Amino acid sequence: MRLLRFEKLPTLTGLVHDRTVRVAVTGLSQSGKTAFITSLVYNLLSAAGRSARLPFLQAAAERRILAARALAPENGFPPQFPLEKIVAALVADPPHWPPSTTDLRRVRLSLRFCPSGLFGRWSPLGRVARSTAELAIDILDYPGEWLLDLPLLRQSYGEWSRAMFDLARHGVRAPLARDWLEFLARHPADSVGDTQTALLAHNLYRSFLAACRTREQLSLLQPGRFLNPGQLEDASVLWFCPLPLSAGGEARPGSLAALMEARFETYKRTVAQPFFSLLARDVDRQIVLVDVLRALNAGEEAFADQRLALDIILAAFQFGRRSLLRWLFGARIDRVLFAATKADHVPALQRDHLEALMANLVEAPTLRAKVAHARVAATALASIRCTEDGTDVIDGRKVDVVVGLPEGGERRIRFFPGIVPVRPPPSGFWGERFTEFPAFEPPRINPAPEDGIPHINLDKALNFLLEDALA
Ligand code: GDP
């Protein structure tokens, strides 16, 4: 775990116990949110009275967690995280990966624990008070794509359109945008604002974004709800797309541009803003999961694109008073952890590299910030460890590998992933692409949570997020 920013803040908890800490988990699609939350809940439920699988969570290591239970959902919104369904997938024979996050979801836990320090069991005050404390952990799960909408709130439709056209006309995006751009060439911004034309243009733009994601593994795909809509009362609020507009020009009333602009503004007001208000109001701690290995695997442009998306996500959280989220919505998030996921695809030394790379990806913007009012850290973790470390001999040389069962396979394989760079790689690096990472079968878990779920560094992540709340 690398602490990137640390400022002496009054801790959220102070000396007050019996409280709630609200942890939000996000990351782009397939980054590992569902796996992370499942492992977090399962491992905390198994930690009562023992360090179990969480030796680096201080309260667990000191045997101060006395009881842990899942709490019933409070009301219908946000919907409950489907823990039982997910566990059913992991206890099946053979075990399989559960469906991923596509919407906002919430799960709540309660931990009864012995405070340490002044009110601890062994301190004079603690002995008099015989105190135990209760910590409710409210976990909010949401698609990271939604964070990519934050800059939209400060952009006009024209500004946003121009930025999207700049992106769409370059690099690997250009050939994928062809159908959408050809359609727009036949239906200029100034033509009559017909709702059917707007819908067709939207569908083509959406297909373009989907191709960017699936074929080229790109990340900076706006607006965030086009590929991850979640539950929307009125889907027609999405039926717009960027149009080629010149700077300074105004949309003629009744034109296609005017129709699109109106929908863009409605989207911002009725979809994006309420989500960011909820985040600002309901979150104290944030973990951002990043599938760095997949982006490395996909090549130079996918990696650069992931960095751009990360910069937007960083701007949302990072810089204390300068954070967009705080500035626009008064958010009070005071700890942010960036975690490179699926670290069980690489052996131990490479996991250190991965952590260093993750830290490097978020460090420069952190250091640029003059006023930080948050603790920011970076780590590499595997929420559900599917492999073991081993060695192999390649071309007469002994190399570190991971050993695991590929999904649907019959025999375990020894997988050599190559060397993970500790910094964002220079252009020359991309000549040799990484070997494609196999999807490994998850380990079969015990339906009762006593045994927890094998992981790498999940406990360190939890300690960063919860240490003061469990102090
Ligand atoms: P989400 O879209 O962010 O909710 O992502 P998921 O949690 O559903 O993870 C997407 C896929 O990544 C899973 O189906 C697994 O194949 C893989 N995955 C997630 N976490 C891990 C992990 O810790 N180790 C390994 N080997 N694979 C993982």
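Buried means under 20% relative accessible area, exposed means over 50%, and partly exposed is anything in between. Keep in mind that this is a predicted model.

**Stop 1: Ser191**

Select Ser191. It is in the loop between α7 (178–186) and α8 (195–216). Is Ser191 buried, exposed or partly exposed? Its relative accessibility is 23%, so Ser191 counts as partly exposed. Ser191 and Ala258 are 67 residues apart in sequence, and their C-alpha atoms are 10.0 Å apart in space.

**Stop 2: Leu308**

Move to helix α11 (residues 300–317), where Leu308 is placed. Leu308 has a relative accessibility of 40%, so this residue also falls in the partly exposed class. From C-alpha to C-alpha, Leu308 and Leu220 are 6.7 Å apart, while 88 residues separate them in sequence.

**Stop 3: the ligand**

Select the ligand. The ligand sits in the largest pocket.

Next, check the contacts to ligand oxygen atoms:

- Lys33: an N or O atom of its side chain is 2.8 Å from a ligand oxygen.
- Lys342: a polar side-chain atom lies 3.0 Å from an oxygen atom of the ligand.
- Ile384: here a backbone N or O atom lies 3.0 Å from an oxygen atom of the ligand.

Taken alone, the ligand exposes 570 Å², and the protein buries 93% of that.

**Stop 4: Thr387**

Go to the loop between β8 (375–380) and β9 (388–394), and pick Thr387 there. Its relative accessible area is 4%, so Thr387 is buried. Which backbone atom lies 2.6 Å from a polar atom of the Thr387 side chain? It is the backbone oxygen of Asp344.

**Stop 5: helix α14**

Finish with residues 458–466, helix α14. How many of the nine residues of α14 are buried? Eight are, and the helix is mostly covered. Color the buried ones: Leu458, Asp459, Ala461, Leu462, Asn463, Phe464, Leu465 and Leu466.

Note on methods. Residues are numbered from 1 along each chain as its sequence is written. This is a predicted model: local features need pLDDT of at least 70, side-chain atom pairs count only at pLDDT 80 or more; totals for chains, interfaces and linings use all residues. Side-chain values use heavy atoms; hydrogens and water are left out. A polar contact is a pair of N or O atoms within 3.5 Å; within protein, one must be able to donate a hydrogen and the other to accept it, and residues adjacent in sequence count only if both atoms are side-chain atoms. Accessible areas come from the Shrake-Rupley method with a 1.4 Å probe; for residues, only the protein chains shown count as cover. On a 1 Å grid over the protein atoms alone, a cavity is a set of points where a 1.4 Å probe fits but cannot get out, and a pocket is an open set with protein on both sides within 12 Å along at least five of seven lines; lining residues have an atom within 4 Å of a point. A molecule sits in a cavity or pocket if more than half of its atoms lie within 2 Å of its grid points. Helices (H or I, at least four residues) and strands (E, at least two) are DSSP runs, numbered from the N terminus. Buried means under 20% relative accessible area, exposed over 50%, partly exposed in between (1.4 Å probe, protein chains only).
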